[in-house]
Amino acid sequence: MTETNADNLVPPMAWDAWGDPALAKPLPAGIRSLLEQALGVSTTEVTAPRPDEVHLSPSGLTPEHRDALTGIVGDEFLRIDDRGRLPYAGGKSTPDLLRRKQIQQDAPDAVILPGNEDDVAAILDYCSRHRIAVVPFGGGTSVVGGLDPIRGEFDAVVTLDLRRFDTLHWLDEISGEAELGAGLLGPEAERLLGERGFSLGHFPQSFRYASIGGFAATRSSGQNSAGYGRFNEMVRGMRVITPAGTLDLGRAPASAAGPDLRELFCGSEGVFGVITRVRLRIHPVPDSVRYEAWSFPDFATGAAALRAVVQTGTGPTVLRLSDEVETGINLATTHSIGEQSVTGGCLAITIFEGTAAHAESRHAETRALIEANGGTSLGEAPARAWEHGRFDAPYLRDSLLSAGALCETLETATTWSNVPTLKAAVTEALTSALSKSGTNALVMCHISHVYPTGASLYFTVVAGQRGDVARQWHAAKVEACDAIVANGGTITHHHAVGADHRPWMTAEIGDLGVRVLRAVKQTLDPAGILNPGKLIP
């Protein structure tokens, strides 16, 4: 049975900010006061240009190229005008948004919206033969330069928007699997599955605007990962169109037929091929949801409690811990930022889903472990508040940037024994680098994804804007990434590599690992047209 997304559940993404412009909110008074007193930010609003004031680099497509690509997708689905190209000038990182405030901007030479897999194959074939780079595009939420239209050595660069791949191809209720089009956004996928009584359960902060194909291509990890796992753990199969041909991967729940090629494309960021459909593990919509928030005297105590929970396997769906600074600002409960709802210590959130009996039993076992490891219950309210606002934090970043503050995030992961060392090293690197630019910095951290052997660390940084703000942040990000590599962390846990983390990939996988990726690239994309400048050093 094939079902197509009939209604767009979210409005179009703002071209120069995150998400729905209608949800943008002014900074709370408490945050404005903090910016002025601690960071020396005047909070004077910065005016951004209107779309019609922006001058884009002229399209480099020749008339012959335009005619050929139009012949594949039709006039309606090839966009070369400035208004059509502007939303594809990059992703949604802080450097991306800073560039959106400039009058002169780069953009792809064209945006192409294929309607089927034959279109994709034909586009890749034509672009391979005519030196045109191709950037696959899902929801546009990359925060690591993964969507930058890098022309490099090519004559032109086009963006391949997969939004028309918006179909629920089939759902197998017995096996608990469904095949989804790569262009479906998170809310649309949940709606189509929910109409049949199922859910994917993948809810990253980008959920409202990120796509199924993007989740796979970036090895995404959602906020319910403690219960349902990372996205690559949900993938049971996929179809990938490459310049060298089409791959249909995944024949069974598990196999010993050599290395798992699905894992090669999970995290491939569009450099090996274009993911057009993904077969995924799904689960029934839970009957019951239980909530409980906790306070710990310090981050070390809280981290030890989270480790006890995950190593025992009591099974919360959500398990996260904010450090003292993040708790003090109340960043976790987005709608009350700046209002102190938890006095001192560190806030932790637990949520449990499933049948009523299953959720209750896991909740009880987890509660006993947390209490035994120094946690004090805060009841349901903070956990419900976190869930209510969990997709809204990027709107705060927009307001901070407009008010003259620098705000960005970065993340990593390491083993439990190394968490204190890595957290301290990254915090010091960020604080020191931003101090050199002439500003104090507020560095917050939380654990949002846990494993029996380790956890992710997610940092939010707020500082005063000084001079060339893009250069200011780049210097701090370099120091932080160097600290991550030097102190046993991975260069990215779930944001992906893109262009921003690419300089550290050799340190991550070694010279031989880079040669392996280059060999795969040469086999699948011999002309090198797919997403140049990303992932592979």
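**First stop: E177**

Start by selecting E177, which sits in strand β9 (residues 177-181); strands here are DSSP runs of E with at least two residues, helices are runs of H or I with at least four, and both are numbered from the N terminus. A word on what you're viewing: this is a predicted model, where local features need pLDDT of at least 70 and side-chain atom pairs count only at pLDDT 80 or more, while totals for chains, interfaces and linings use all residues. Residues are numbered from 1 along each chain as its sequence is written, and side-chain values use heavy atoms, with hydrogens and water left out.

Is E177 buried or exposed? It is buried, with a relative accessible area of 15% (buried means under 20%, exposed over 50%, partly exposed in between, using a 1.4 Å probe and protein chains only). Now show the side chain of R279: the side chain of E177 makes a polar contact with it at 3.2 Å. Such a contact is a pair of N or O atoms within 3.5 Å; within protein, one must be able to donate a hydrogen and the other to accept it, and residues adjacent in sequence count only if both atoms are side-chain atoms. Leaving out residues up to four places away in sequence, E177 touches W170, L171, D172, R236, R279, L280 and I282 (contact is heavy atoms within 4.5 Å).

**Next: an open sheet**

Colour β3, β5, β7 and β6, and you have an open sheet of four strands in that order, with mixed pairing (two strands pair if DSSP finds at least two bridges between them). β3 (78-79) and β6 (132-137) are the edge strands, each with a single partner, so one side of each has no neighbour in the sheet. Zoom in on β3 and β5 (residues 110-112): they run antiparallel, joined by two bridges. Pick L78 and you'll find its bridge partner in β5 is I112.

**Last: helix α11**

Select residues 299-312 for α11. What caps its N-terminal end? That's D298, with a side-chain oxygen 3.3 Å from the backbone nitrogen of A300. Buried residues of α11 include F299, G302 and L306.

To finish, jump to I31 in helix α1 (residues 29-38). I31 is buried, at 7% relative accessible area. Its C-alpha atom is 37 Å from that of Q311, 280 residues apart along the chain.

Notes
Expected span 1.5 Å × (residues − 1).
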